[in-house]
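Hi everyone, thanks for making the time. Have a look at the model on the screen, and then I'll talk you through a few parts of it.

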Amino acid sequence: MPKPESMDSLKRYSDKVFKEYIGYTPTSDSIRPIYIANGLFRYCLEEYFITNNLHEWVMGGRSKESERLNAEYINNKYKSIIKNADYLDLKEIDIFRSFLEKLFNQDGAAYGAFNFSVLNISSRVQIKDHVDSESSINKFLYKVLAAKLNGKQSKIIEIINSCLKDEDDELSMLIKPITIFNNMNDVNIKKCELPENYLNEINEYQLTGVELHIRKAFDKLAENILKLKEDKLLTLQRVVSFSCFSIIYHLISKVTDVNNKHYSLEDRIPILLDSGINLPAIKFTSEECFLFGKQKVEEYFAYCLSDIFKSYGMESYSHNQVLEEIERINIKGKVGYAEEIRKSFKNIYESFYSKQKNIMEAFAQAMQFVLFTQVYTTDPAKFCRVLGVRAGIVGPYKSWGARKRYLPTPFVLENILLSLLDFGEEITLADFEDKLWRQFGIIIGANSDESYNRLARYNLTSNVPGNLIGEFTVNSSAIADTYISMGYGKKYADGVTTIFIKG
Amino acid sequence: MGAKMNFLSKLYNSKNCYADSFKHEEMGYLHVKSSLEELIEKYISEGKMVLLTGNPGDGKTFLIQSLSKAIEKYDVYVEADANCIIDQEAFVNHVLYLHRSKKPCIIAINEFPLVEFLTSLKLQAPDLCAEIIRQRERNIVYDNQPFIPLENVIVVDLNNRNLLDSDSGLPQQVLSMIIDFANKAIIEEEIINEAIKYNILVVSQKLVQERLLRILNMISRSGIHFVIRDVLGMLSYILTSGDINNDAGVETHYYNLLFSGSSKIFDALRVFDPVHFTHPQIDEELWNGNMTEGWISKEPILIPCLIEDENDAIDAYKSMKRRFFFENIDGCKLYDLMPKEYESYYNVLINCSSSNDRIKREMILGINKFFNSNDNDANALKIWTIHRYDQSKTSKAAISSQYIDINELEILTPKLPDWVKGMEYTPDHFIIRTKAKEGQPVQLKINLDFLRALIAIKNGYPSQLIPREYEYRLIKFMNALKRASSNKVLSNNYTLLDKRSNEHYDIDVIEEKFEFSRR
């Protein structure tokens with residue numbers, strides 16, 4: 001179809017990539033796991049709660065109206081839920097509120113301004129309506145989970161609902177007076193209507209490639225959660241942690257699904273997990289893997305753009321027509337000066353074109369480059385870093401300036417395991433790594449030669465300081481030790497290490 | 001050098017120390033009577049299938065060899081090494097045939113090959129497979145619930161066997177056997193290395209053996225699993241230094257070799273090296289050459305303080321101190337200086353039932369203080385909830401409104417199940433668990449290191465500094481306690497904890513109202 005007139009700006013192209021290809025908008029450095037939780041939980045439950053009262057108690061003191069929303073205000077407004085309100089020392093309310101903030105703002109996503117704020121979620125009464133920072137990740141995840149696989153939705157949805165409907169956790173019970181305050185006829189509960197076209201999309205959605213891997217992993221995680229019968233708060237944490245991992249995996253790996261010229265079905269983008277025991281070669285290579293993963297995000301984005309151009313018949317554009325298009329397109333950069341960006345856009349396009357002589361690819365790459373460097377404050381590649389750190393997948397956590405690598409917390413390692421093995425299954429460490437590779441492209445070093453070859457394929461083994469092959473064994477052994485200390489493995493005296501899931 | 005001495009020296013460090021490579025005659029040299037032999041003989045006489053499992057060096061082949069007469073008598077099928085079976089399917093079929101024919105058999109198989117065997121067995125004989133798994137899972141037990149092995153199969157897990165368990169008399173037996181063997185070698189063979197001869201003759205002395213067994217007894221309580229190979233290798237090394245033809249310049253004295261070998265058992269022994277323990281009077285007399293009384297062998301000739309080279313002098317002093325411990329009547333004065341941790345821990349384990357309340361209080365206090373350093377309650381285990389999604393931060397806060405009363409908790413030590421009672425065993429951990437009213441009890445396993453950590457926290461050590469592994473275990477324990485409803489006391493009082501400042505705040509929620517009554 002011909003290019004619509006509305007496609008007249010960089011932003012439109014960018015929006016189209018996010019909406020029709022990626023499925024969410026990974027451009028916020030405010031992204032936090034709790035936002036993903038809020039959105040996903042709301043979609044699974046198909047309802048949300050009016051959390052204004054709770055927000056007033058927890059964060060009112062931080063808002064612009066903090067002077068008004070003081071202890072006296074709280075005491076007066078909420079008199080009916082405060083025993084002996086008339087004789088209360090108001091300092092008690094201040095102290096209580098400060099502790100409430102610590103409990104309900106553990107993730108640092110609660111602010112004075114209600115619209116941007118999400119409080120800690122332990123049950124349905126803390127789930128609020130949409131916040132922008134959700135970045136539509138919930139839409140993508142829910143689609144993957146709700147799509148029919150073997151005729152069924154993922155059991156994870158049922159598990160999430162069951163956990164959220166249980167309000168018997170201490171956090172929910174503590175704030176019960178607030179959540180039921182003035183709650184006549186459950187006015188605080190609102191239905192979350194999922195748009196019909198979205199539901200139709202889900203009905204027609206065929207899971208393939210990376211999305212299929214994600215779905216299968218969630219289904220396995222659900223099976224194991226049901227067998228392990230864990231505390232509901234831990235279950236919710238697991239689901240959200242694995243959701244974050246899935247998003248990062250999706251972003252860096254999606255290019256293998258779409259670019260058939262360079263990637264086959266068996267290809268994976270390597271994710272080398274560092275055990276964190278200071279192995280210089282592993283550290284360096286894991287950093288290179290993470291950088292490589294971010295490059296794959298860029299590559300995928302460029303692919304999406306070139307696909308859009310093709311869909312508009314722009315394949316037939318000549319070199320000059322592209323230059324005219326660049327001239328015409330509306331540009332709004334992160335720091336003013338559209339014309340400077342335009343100039344830069346042209347130069348970059350010319351540079352790519354001179355190298356590869358493929359007009360559409362050069363145009364797409366140039367547009368991607370400009371978007372990532374000049375338009376987005378946080379581009380999708382950087383997004384992986386932001387979300388990865390907050391989800392405990394990428395580290396080091398505290399030094400924001402340092403080169404990042406795949407440095408998963410034990411909790412993340414545990415969730416990956418639970419998404420992979422059957423309950424009761426016991427396999428060797430080497431077989432475990434094979435499964436990790438086939439499912440996610442994860443390498444731990446249990447099979448030294450294969451690990452090396454998988455990395456070498458993408459030139460990730462050059463200039464590595466130290467003995468990478470030697471460190472593979474040490475690295476995988478340390479990761480195995482983490483699993484063993486959590487009760488998921490055993491080292492036998494004849495040199496075999498097994499990984500398993502048992503009750 | 002004669003065959004006997006060659007054989008003895010090669011027991012150290014994996015040279016000839018797998019029974020598979022011993023000749024039958026050589027196996028005879030190493031026979032140590034164990035209570036397990038009687039047990040297994042009983043089972044094979046009843047026509048049972050005995051699965052001997054464990055790890056390399058645990059003594060499976062030794063056991064089979066020592067049962068040779070019984071094996072012949074009862075026409076027992078023996079698979080002495082099921083680890084190397086290539087045709088797994090054929091082996092499984094054969095085992096099933098034997099099982100169905102109720103023919104007694106002994107199958108020796110290491111732990112991991114057993115896992116693989118069971119994977120194949122499950123398809124053909126799920127009940128038999130399930131029973132083997134059931135027995136493996138109950139290879140140590142905490143309660144007295146009766147358990148009858150079914151399917152005519154008995155699983156004997158040698159992983160749990162403690163060869164250094166002094167109550168069984170096995171260490172003494174092994175030591176006597178090796179010394180007797182070594183003495184025979186001296187008598188029978190003409191050429192013998194003088195250093196080895198010295199070692200054998202001195203270690204044959206009752207006092208030296210007593211001191212050596214005392215140290216072995218102490219390490220037997222460490223919880224570390226030593227296989228027969230470790231013990232035999234250690235004894236071989238201290239007598240022969242592993243190389244009977246060694247020349248000058250290499251250490252040969254047993255008392256130095258005991259603390260210089262390289263294996264798990266030597267690492268454990270080094271903790272008890274007499275050199276570490278200061279006794280001012282003894283140390284001075286040894287240094288000045290004034291320790292002249294009480295030696296059961298020749299008085300030392302070297303006087304360390306007169307040796308010119310400082311390093312040589314120190315080495316000579318260390319050597320002398322070790323020798324003093326083993327060969328001087330007053331060497332026992334160094335016992336009191338040796339670490340008592342293992343001993344104390346062992347006493348906790350064996351006296352659990354009588355000191356139950358005291359240990360429970362210590363554990364409750366340690367766990368409570370891990371979460372809230374200001375909590376001094378030793379009678380109620382608080383159940384804390386920590387909930388967050390951002391994994392890059394440590395948790396800021398926790399909440400608790402539930403606890404478990406001390407009377408709803410029990411401390412238990414592990415023991416062997418009935419069907420292997422009599423096997424040499426020393427518990428290496430205990431558990432604190434809820435008394436099960438319905439469903440499975442919730443338990444927390446505590447070994448020596450974990451106990452140390454909890455006691456340190458109880459005494460004020462910051463909980464942030466304990467190893468992550470224990471933090472993880474405690475949080476998992478809390479999560480499991482939350483799920484288990486039957487033992488908990490739910491209250492209307494909520495304790496909110498600021499984990500960074502360790503301040504806490506109490507509030508009641510009664511009839512859906514806040515009651516601000518406490519600070």
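This is a predicted model: local features need pLDDT of at least 70, side-chain atom pairs count only at pLDDT 80 or more; totals for chains, interfaces and linings use all residues.

Residues are numbered from 1 along each chain as its sequence is written, chains are lettered from A and ligands numbered from 1 in the order in which they are written, and side-chain values use heavy atoms, with hydrogens and water left out.

Okay, the strand. Strands here are DSSP runs of E, at least two residues, and helices are runs of H or I, at least four, numbered from the N terminus. Is strand S8 of chain B, residues 429-434, buried or exposed? Buried means under 20% relative accessible area, exposed over 50%, partly exposed in between, with a 1.4 Å probe and protein chains only. For S8(B), 6 of the 6 residues are buried, so the strand is largely enclosed by the rest of the structure. His429(B), Ile431(B) and Arg433(B) point one way, and Phe430(B), Ile432(B) and Thr434(B) the other.

S8(B) also has strand partners, and pairing takes at least two DSSP bridges between strands. S7(B), residues 409-412, runs antiparallel to it with 4 bridges, and Glu410(B) has Arg433(B) as its bridge partner. S9(B), residues 443-447, is antiparallel too, joined to S8(B) by 5 bridges, with Ile431(B) opposite Lys445(B).

On to the interface. Counting contact as heavy atoms within 4.5 Å, 50 residues of chain B are in contact with 60 residues of chain A. The buried area, meaning accessible area (1.4 Å probe) lost on putting the two parts together, summed over both, is about 4900 Å², and carbon and sulfur atoms give 62% of that. His387(B), Tyr389(B) and Phe514(B) supply 18% of what chain B buries against chain A, more than any other three residues.

Now salt bridges: a side-chain nitrogen of Lys or Arg within 4 Å of a carboxyl oxygen of Asp or Glu. There are 5 between chain B and chain A, and Lys476(B) with Glu414(A) makes one at 3.8 Å, N to O.

Inside chain B, Asp283(B) and Lys321(B) meet at 2.8 Å. That pair links helix H15 (280-288) to helix H16 (310-327), 38 residues apart, and both residues are buried.
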